[in-house]
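Thank you all for coming, and please have the sequence and the structure open while I talk.

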Amino acid sequence: MTPTGSTTTASSSTPLSGVRVIDCTQMLSGPFATQLLADLGAEIVKIERPDRGDITRSVGPEIGDSGLTAYFASLNRGKRSVELDMSIEDGAAALEALVETADVLVENYRPGTMEKWGLGYEDLRRVNEDLVYCSISGFLEGPYRDLPAFDMVVQALGGSMSITGQADGPPARPGIPIGDICAGMYAVIGITTALYADEGQYIDVPMFEGLVSWLTERAGRTFVTEEPYPRQGTVHPSLAPYRAFETADGWFAVAIGSEDTWQGFCEAIDRPDLADDKRFARNDDRVANRDALAAELVPILERRTNEEWFDLFREHGIPGAPVQDTVEVFEDEHLRESGTLEDLTIDGVELPFPVCPIDFSAAGTRSGHEPPQLGEHSEDVLGEVLPEDALLRVLEGE
């Protein structure tokens, strides 16, 4: 599929340079997907409801006095914002005009909404037969198809919440909205695959089924044991020691996955006798005697700081790391040096946004640029595709 030759400002060295995406999404799953496409070089034209825009524009905290929230800014860097009421005739006609110039359209409204407005795939393929049309939905066809799909809902139904949390505590929602992010990543995979196939088509990406596919080994264990996968906090049901331990100043994650590593671990912590202890000789033994092993290791790990343990583990090649909070993560020396953070200044506030971490040898990713104000690019973008009278009607109708 030859890109439409859009007016994108992305560098020609980016993988998706020249690809134009019409972004009819809001909240998280869709904007995350189109943000990845933007980082890969695509031009993103974000369609927003007049006056209100993306819901996340009103979900604080606000960045200084910019009128932009941290939520919105983290998912909409470098996009062009167009205010457009797609539910009315002039708005729908304007979207069709944009679709004629586009390679991809992404939407995440409730199933049937775009069709109700005359903007479903079958409607728009008549405008652009090469269009890749991606819907991010909660569920594929089935009893849940019309169920309101929020991240919390699909995590509850999809099993991830049941296996998250301490063994003696209630189920917990993972700290990252993995249902939304899972769907967003699958959307990008589907879209780039369709672009590679060079064929216009419809793609339906579900949050629920996507999250269930992430169960992987958890699903396999369930099938074999015919028991629900256990909720065990940071403990691994099949490996030991494989958990977080409290240290002198925080928590440290230890991940011993082989007998050679176990031997090296015992040497590193100056307890070679543990490697010779019959209770802990093999991984199966350590799993069976998990409580006794913890009784030996807990007082040892408490004696040093996270930094001391991390230095020691790195020196001996033992897998383990401090549990960093979200302030510490963005101060991490490695993350800074790896080039996956981009500092943007918004209303005098400098924010280190994480960008697409894929490192291409033959191309780069696009710099993020600032997120747009609501409707910032309406006149410029729509002026490219609408006659003056139609443009005025749309702009006046905002």
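What you see is a predicted model, in which local features need pLDDT of at least 70 and side-chain atom pairs count only at pLDDT 80 or more, while totals for chains, interfaces and linings use all residues. Residues are numbered from 1 along each chain as its sequence is written, and side-chain values use heavy atoms, with hydrogens and water left out.

Let us start with strand 5, which covers residues 132–137; helices (H or I, at least four residues) and strands (E, at least two) are DSSP runs, numbered from the N terminus. Six of the six residues of strand 5 are buried, so this strand is largely enclosed by the rest of the structure, where buried means under 20% relative accessible area, exposed over 50%, and partly exposed in between, with a 1.4 Å probe and protein chains only. In a regular strand the side chains alternate between the two faces of the sheet. Here V132, C134 and I136 point one way, whereas Y133, S135 and S137 point the other way.

Which strands does strand 5 pair with? Strand 4 runs parallel to strand 5 and is joined to it by four bridges, and strand 6 is also paired with strand 5 in the parallel sense, over six bridges; two strands pair if DSSP finds at least two bridges between them.

Now please look at S137, which counts as buried because its relative accessibility is 5%. Its side chain makes a polar contact of 3.2 Å with the side chain of R145, and another of 2.9 Å joins the side chains of S137 and D204. A polar contact is a pair of N or O atoms within 3.5 Å; within protein, one must be able to donate a hydrogen and the other to accept it, and residues adjacent in sequence count only if both atoms are side-chain atoms.

Turning to the nonpolar cores, the largest has 34 residues, and V21, L37 and V104 have the most contacts inside it. A nonpolar core is a set of buried Ala, Val, Leu, Ile, Met, Phe, Trp, Tyr and Cys residues joined through side-chain atoms within 4.5 Å. Among the elements that each supply at least two residues of this core are helix 1, strand 4 and strand 5, but the largest share, eight residues, comes from helix 7. A second, separate core of 29 residues includes A92, V381, L382 and L386.

Helix 6, residues 151–158, holds Q155. Is Q155 buried or exposed? Q155 counts as buried, because its relative accessibility is 0%. Leaving aside neighbours within four places in sequence, Q155 is in contact (heavy atoms within 4.5 Å) with several residues, including S160, R173, P177 and L211.

Finally, there is an open sheet of three strands in the order 7-8-9, with antiparallel pairing. Strand 7 and strand 9 stand at the edges, each with a single partner strand, so one side of each is left without a neighbour in the sheet. Strand 8 and strand 9 pair over three bridges, and V254 has G320 in strand 9 as its bridge partner.
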